[in-house]
Amino acid sequence: MIKVLFVCLGNICRSPMAEYMFKSMVKKEGLENDFYIDSAGTSSEESGNSMHYGTKNKLDQMNIGYGNHLARKITKQDYEKFDYILCMEERNVINAERIVGGDFKNKIYRLLDFSDKPRDIADPWYTGNFDKTYEDISQGLQGFMKYLKKNVL
Ligand code: 4NP
């Protein structure tokens with residue numbers, strides 16, 4: 001079982017979008033029994049809130065199902081539980097490392113470091129561009145899946 005946690009700042013826009021996109025990808029490939037997938041934020045600002053309507057709209061548009069997501073903040077227990085902690089931008093990496101007490105097991109990455117063009121995923125909370133968020137996450141997930149197939153699965 002490969003356990004993957006997606007991380008952004010608020011856990012209402014980017015990381016839940018990545019969570020449900022990756023769940024959908026894994027299901028399409030018939031690999032759902034090989035994965036446990038969740039998401040969290042580095043801030044408790046939005047804790048208990050549901051996904052941003054921009055994320056829901058985009059997932060609906062792409063026919064990707066989602067559950068009753070409630071935002072939560074990453075914990076030290078998450079660091080023990082998950083194998084891959086995939087962050088949307090560099091400052092999420094820095095904050096996640098601070099919260100869990102350091103990345104001593106080399107589990108924390110930036111999602112787009114698995115793509116051909118390593119970079120941050122801009123925050124649609126500020127840009128309003130959920131299409132771009134979707135495209136960026138899609139590239140990252142494809143790269144991550146390629147990496148897993150080559151090295152882990
Ligand atoms: P996310 O977007 O990190 O992609 O979930 C944000 C959500 C909320 C806030 C910032 C970013 N906020 O400042 O409350």
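This briefing covers the sheet, the helices packed around it and the nonpolar cores.

The model is predicted: local features need pLDDT of at least 70, side-chain atom pairs count only at pLDDT 80 or more, and totals for chains, interfaces and linings use all residues. Residues are numbered from 1 along each chain as its sequence is written, and side-chain values use heavy atoms, with hydrogens and water left out. Helices (H or I, at least four residues) and strands (E, at least two) are DSSP runs, numbered from the N terminus.

- Four strands form an open sheet in the order 2-1-3-4, with parallel pairing. Two strands pair if DSSP finds at least two bridges between them.
- Strand 2 and strand 4 (108-110) are the edge strands, each with a single partner strand, so one side of each has no neighbour in the sheet.
- From one strand to the next, the twist averages 25°. Angles run from 0 to 180 degrees between N-to-C directions, and axes are lines fitted to C-alpha atoms, for helices over the stretch in contact.

**Strand pairing**

- Strand 1 (residues 2-8) and strand 2 run parallel and are joined by seven bridges. Leu5 has Asp38 of strand 2 as its bridge partner.
- Strand 1 also runs parallel to strand 3, joined by four bridges.
- Val7 is bridged to Ala40 in strand 2 and to Cys87 in strand 3.
- Strand 3 and strand 4 pair in parallel through three bridges. Leu86 has Tyr109 of strand 4 as its bridge partner.

**Burial**

- Buried means under 20% relative accessible area, exposed over 50%, and partly exposed in between (1.4 Å probe, protein chains only).
- In strand 1, six of the seven residues are buried, so this strand is largely enclosed by the rest of the structure.
- In strand 2 (residues 35-41), six of the seven residues are buried, so this strand too is largely enclosed by the rest of the structure.

**Nonpolar cores**

- A nonpolar core is a set of buried Ala, Val, Leu, Ile, Met, Phe, Trp, Tyr and Cys residues joined through side-chain atoms within 4.5 Å.
- The largest core has 34 residues, and Val4, Phe6, Phe22, Phe35 and Ile137 have the most contacts inside it.
- Strand 1, helix 1, strand 2, strand 3 (84-87) and helix 6 (130-151) each supply at least two residues of this core.
- Another core, of 13 residues, lies apart from it and includes Val7, Val93, Ala96 and Val100.
- Beyond its neighbours within four places in sequence, Phe35 contacts residues including Met1, Ile2, Val4, Phe22 and Leu153. Contact means heavy atoms within 4.5 Å.

**Helices**

- Strand 1, helix 1 (residues 14-28) and strand 2 build a right-handed β-α-β unit. A crossover is right-handed if, with the strands pointing away from the viewer, the path from the first strand over the helix to the second runs clockwise.
- The axes of helix 2 (residues 53-61) and helix 6 come within 10 Å and cross at roughly 65°.
- On the helix 2 side, this contact is made by Gly54, Thr55, Lys58 and Gln61, and on the helix 6 side by Phe130, Asp131 and Tyr134.
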